[in-house]
Amino acid sequence: MTSVARAGAILGALDDATRRLVRLAAIIAAGTEQQIRSEMTDSLDATPAAWIEELILQSYLFCGFPRSLNAMREWRRLTGRPPVTEATGDGPDEWRRRGEATCRLVYGAMYDRLRVNIRTLHPELDEWMIVEGYGKVLSRDGLDLPRRELCIVAACAASRQERQLHSHLHGALNVGVAPSVLTAAIDALEGVVTENSLTSARLLWRRVQSQLS
């Protein structure tokens, strides 16, 4: 079952495993290797290893290869786990199909406008966003789409990418994350992102909530 199929799941509470995953997403995006190592150690017994591996893999989309490579190096060093790879036989056509479906779930009514806007920036960016980002990476098994969106929110908050943060706050709601869970997830970033980053994220989230009512 892919994340697309699981997107109907509602995340109605921020359990401890997810809270730790969200904090780790923020630290991978903006923290030091020592902070990554410490948070991974604290999360080891509380958060499924498969979730952490998927978080690290998807982080290259939002934090770049250097931070993802460094995080995966720390994870391998800490756990000694070998990577689990499965040959699915999927290719670009399947990734595009999944990517369009997953991106439509995240963006909802804004999906068609998003595709036009990204194509205007550059057609290759639109292709990579759908095939590579939403299809090949964010539609993978191992972590459901609501938790993936929460991790993206955390990464964008930590790195002060406010346009993307705004989009993914809506995206998290669109894929079934309860507003109270988003509030709790942002609160969970206290101590792992700067005060300015946390304040900006809270202000933006309040603005999004005011648009909902």
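Helix α2 (residues 16-30) and helix α9 (residues 145-158) have axes that come within 8 Å and cross at roughly 40°. Axes here are lines fitted to C-alpha atoms, for helices over the stretch in contact, with angles from 0 to 180 degrees between N-to-C directions.

The model is predicted: local features need pLDDT of at least 70, side-chain atom pairs count only at pLDDT 80 or more, and totals for chains, interfaces and linings use all residues. Numbering starts from 1 along each chain as its sequence is written, and side-chain values use heavy atoms, without hydrogens and water.

Which residues of α2 and α9 make the contact? From α2 come Thr18, Leu21, Val22, Ala25, Ala26, Ala29 and Ala30. From α9 come Arg147, Leu150, Cys151, Ala154, Ala155 and Ala158. Contact means heavy atoms within 4.5 Å.

Now step back to the whole chain. The protein has 12 helices and 0 strands. Helices (H or I, at least four residues) and strands (E, at least two) are DSSP runs, numbered from the N terminus.

The C-alpha atoms fill a box of roughly 45 × 40 × 30 Å along the principal axes. Of the 213 residues, 46% are buried, meaning under 20% relative accessible area with a 1.4 Å probe, protein chains only. Among contacts between residues at least 6 apart in sequence, 74% join residues at least 24 apart.

Key. Buried means under 20% relative accessible area, exposed over 50%, partly exposed in between (1.4 Å probe, protein chains only).
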